[in-house]
Amino acid sequence: MLRRAAPTTAALCRRALSATPSSSRTAAATAAASSSAVNSILLRSLKEHYLEVCKMTPPPKVSPPEPFTIVKGALDQPSGPVLRREYGDDGEEISISVARLANILPAGADSDSDGAGEGGGMSASISQLFLHVDISKPGSGKSMQFLCGLYPDALGIHSVCLRSKNAESLNGDMTSKGGGEYRGRIFQELDEKVRDALHLYIEARGINEKLFRFLQAWLYVKDHRNLIRWFKSVGSAISEPKPK
């Protein structure tokens, strides 16, 4: 009795390869359908939230206290000065940048917040602002730089230093010793009379709680614009057709 020869290794490989294209096409089609469904869900969710954001009530229009002026194009820049002014006979140049205090301090550091914002729909985190104040004289290579916390009824200095004008922008950590420049002592370690004098110095230049309402509203508008721009960018990136 003859026994049928067992399939050779080569024959088995040919069978496996002949079945592969069909299986691969099926898996690819399934993956494409699944990806398309997920994209549709995400795009629908983005559109719904985008429409909600567009309906948000903006805060009342507020002008900055005189003689501060708004830096042109500041709303469209990721960072940089918001307000400028000149002061005194020497023509001191003063610029103010602003951010949410919650974005600068570590979690829990501002736990004394009253949790209440002002204006239509503004979140509690905009009830505490972080200022970077730059004060310099024309022709000087140095500038006095203050990092301050601004609240509806008060302003407090966190740090102060004298820096070169061409130095990199501060990142909120003025106690570090990097950069090759001595930045002075931690503000709370200074003598009380010196601290009081520094507060008077910036208050005389209009850096006080009167800036709060404008800067709070400005941050709200900037956040609103950035969020709308983000929804559009993400939606465009997802729906962009695959290049051929």
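Five salt bridges are present in this structure, a salt bridge being a side-chain nitrogen of Lys or Arg within 4 Å of a carboxyl oxygen of Asp or Glu. The model is a predicted one, in which local features need pLDDT of at least 70 and side-chain atom pairs count only at pLDDT 80 or more, while totals for chains, interfaces and linings use all residues. Residues are numbered from 1 along each chain as its sequence is written, and side-chain values use heavy atoms, with hydrogens and water left out.

**Stop 1: the salt bridges**

Select arginine 229 and aspartate 76, whose closest N and O atoms are 3.8 Å apart in a salt bridge. Arginine 229 belongs to helix H3 (residues 212-239) and aspartate 76 to the loop between E1 and strand E2 (83-87), so the pair ties together parts that are 153 residues apart in sequence; helices (H or I, at least four residues) and strands (E, at least two) are DSSP runs, numbered from the N terminus. Both ends count as partly exposed, arginine 229 at 39% relative accessibility and aspartate 76 at 49%, where buried means under 20% relative accessible area, exposed over 50% and partly exposed in between (1.4 Å probe, protein chains only).

Arginine 205 is buried, with a relative accessible area of 10%, and glutamate 92 is buried at 7%.

Then select arginine 100 and aspartate 223, which form a salt bridge with the closest N and O atoms 2.3 Å apart. Here distant parts of the chain are linked, arginine 100 lying in strand E3 and aspartate 223 in helix H3, 123 residues apart. Arginine 100 is buried, its relative accessible area being 16%, whereas aspartate 223 is partly exposed at 25%.

**Stop 2: the sheet and the helices on it**

Show the strands as a cartoon: six of them form an open sheet in the order E1-E2-E3-E4-E5-E6, with antiparallel pairing, two strands being paired if DSSP finds at least two bridges between them. E1 and strand E6 (154-164) stand at the edges with a single partner strand each, so one side of each is left without a neighbour in the sheet. Between E2 and E3, which run antiparallel, there are five bridges, and arginine 84 stands opposite serine 95 in E3. H2 packs on the sheet, touching E3, strand E4 (129-136), E5 and E6, and its direction makes about 90° with that of E6; contact means heavy atoms within 4.5 Å, and axes are lines fitted to C-alpha atoms, for helices over the stretch in contact, with angles running from 0 to 180 degrees between N-to-C directions. H3 lies across E1, E2, E3, E4 and E5, and runs at about 55° to E3.

**Stop 3: glutamine 145**

Within strand E5 (residues 142-151), select glutamine 145, which counts as buried at 4% relative accessibility. Its side chain makes a polar contact of 3.1 Å with the side chain of histidine 132, and a polar contact of 3.1 Å also joins the side chains of glutamine 145 and serine 143. A polar contact is a pair of N or O atoms within 3.5 Å; within protein, one must be able to donate a hydrogen and the other to accept it, and residues adjacent in sequence count only if both atoms are side-chain atoms.

**Stop 4: a cis peptide bond**

Finish at glutamate 66 and proline 67, joined by a cis peptide bond with omega of about 5°. Proline 67 lies in the loop between helix H1 (9-54) and strand E1 (69-70).
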